[in-house]
Amino acid sequence: MKIGFFSVGIGPTAEPQLLRSVATAAERLGFATIWAPEHVVLVEQYASKYPYSSGEFPGPASIPIADPFTTLAYVAACTSTIRLGTGVCLVPEHNPLVLAKTVATVDRLSGGRLILGVGVGWLAEEFAALGIPFERRGARTREYIEVMRKLWTEPRSSHSGEFVNFEGVLSYPKPAAANVPVWFGGESAAALRRVAEYGDGWLGFKVSPAAAGEKIRHIEQMLTANGRQRSDVTLAVSPYTDPITPDDLKRYRDAGADEVALLMRGRRASEAELIAGLEGLARDFVEPAAKL
């Protein structure tokens, strides 16, 4: 089982020195992945419900949240082996041709280490500020992923759809490999269906060891129904802010999880505190996971 670290590019790790220190320490300590979240803007007043709490976003609206791709490009320059993931990129907020270029560039600069973690978004007020419809964002996401995969793999691409239309465009550079893996975040039936139908992986948040098995079995059943194999996807879960113990790693593994992404709990702002927290996670989880 692999252990990932969630997240960088938010709060104190939006600053370059702390970002470099945390990224290089995570690689040195054996974390398999490092994740950067995305919000273009937050708002002070909102009716939307954050899905991983009682409804409130767990931080002030003024918290720094850096652009995930710029953040991960910086991390790529500081590291050599750890994989880099967006956790998660709000794909329907982007122009897919521009996003395809950004993703391919970061993947190529990192030597093929990028995972495009994808979400459809929860903050309707953010979409409104960007001038993008919140409705049908799931359908928009699916078409955008289709468009990006064309641009990543075809020498010359055309597309005619509900949201995107273009003829005879060339998009270079291509990703380092044939494609960039697309992992979907989310725990709803629709999110799990995206994984099974056209995803390369899943990143489930606030999923307990007890809940992981049911969701993973559901994904596996839908993979079969779609003529796909379990080996076609990587299934990762995160307890998010909920506490877990090293013994829970075996429960996640037995449930079918390939990776567990851990969030550093407690407030840590200084470099020493952040590195100490990472070392604690490595001691308690990375080292035991390597023996499973």
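The accessible surface of the chain comes to about 12,900 Å², and 51% of this area belongs to carbon and sulfur atoms (areas from the Shrake-Rupley method with a 1.4 Å probe; for residues, only the protein chains shown count as cover). The structure is a predicted model, in which local features need pLDDT of at least 70 and side-chain atom pairs count only at pLDDT 80 or more, while totals for chains, interfaces and linings use all residues. Residues are numbered from 1 along each chain as its sequence is written, and side-chain values use heavy atoms, with hydrogens and water left out.

Of the 292 residues in the chain, 52% are buried (buried means under 20% relative accessible area, exposed over 50%, and partly exposed in between, with a 1.4 Å probe and protein chains only). The C-alpha trace spans about 55 × 40 × 40 Å along its principal axes. A compact globule of 292 residues would have a radius of gyration near 19 Å, and the value of 18 Å for the chain agrees with this (taken over C-alpha atoms; the globule rule is 2.2 Å times the number of residues to the power 0.38). Among contacts with a separation of 6 or more, 70% are made by residues 24 or more positions apart (contact means heavy atoms within 4.5 Å).

The chain contains nine helices and 11 strands (DSSP runs numbered from the N terminus: helices are H or I with at least four residues, strands are E with at least two). Between β2 and β3 the chain passes through helix α2 (residues 68-78), and the resulting β-α-β crossover is right-handed (with the strands pointing away from the viewer, the path from the first strand over the helix to the second runs clockwise).

Together with helix α6 (residues 189-198), β8 and β9 make a right-handed β-α-β unit.

Most residues other than glycine have a negative phi, and most peptide bonds are trans. The bond joining Gly-87 and Val-88 is cis, with omega about 0°; Val-88 lies in the loop between β3 and β4 (89-90). Tyr-172 and Pro-173 are likewise joined by a cis peptide bond, with omega about 5°, and Pro-173 is in the loop between β7 (165-169) and β8.

Positive phi values occur at Arg-136, near 60°, and at Lys-206, near 55°. Arg-136 is located in the loop between α4 (124-130) and α5 (137-153) and is partly exposed, with a relative accessible area of 48%. Lys-206 lies in the loop between β9 and α7 (209-225); Lys-206 is also partly exposed, with a relative accessible area of 32%.
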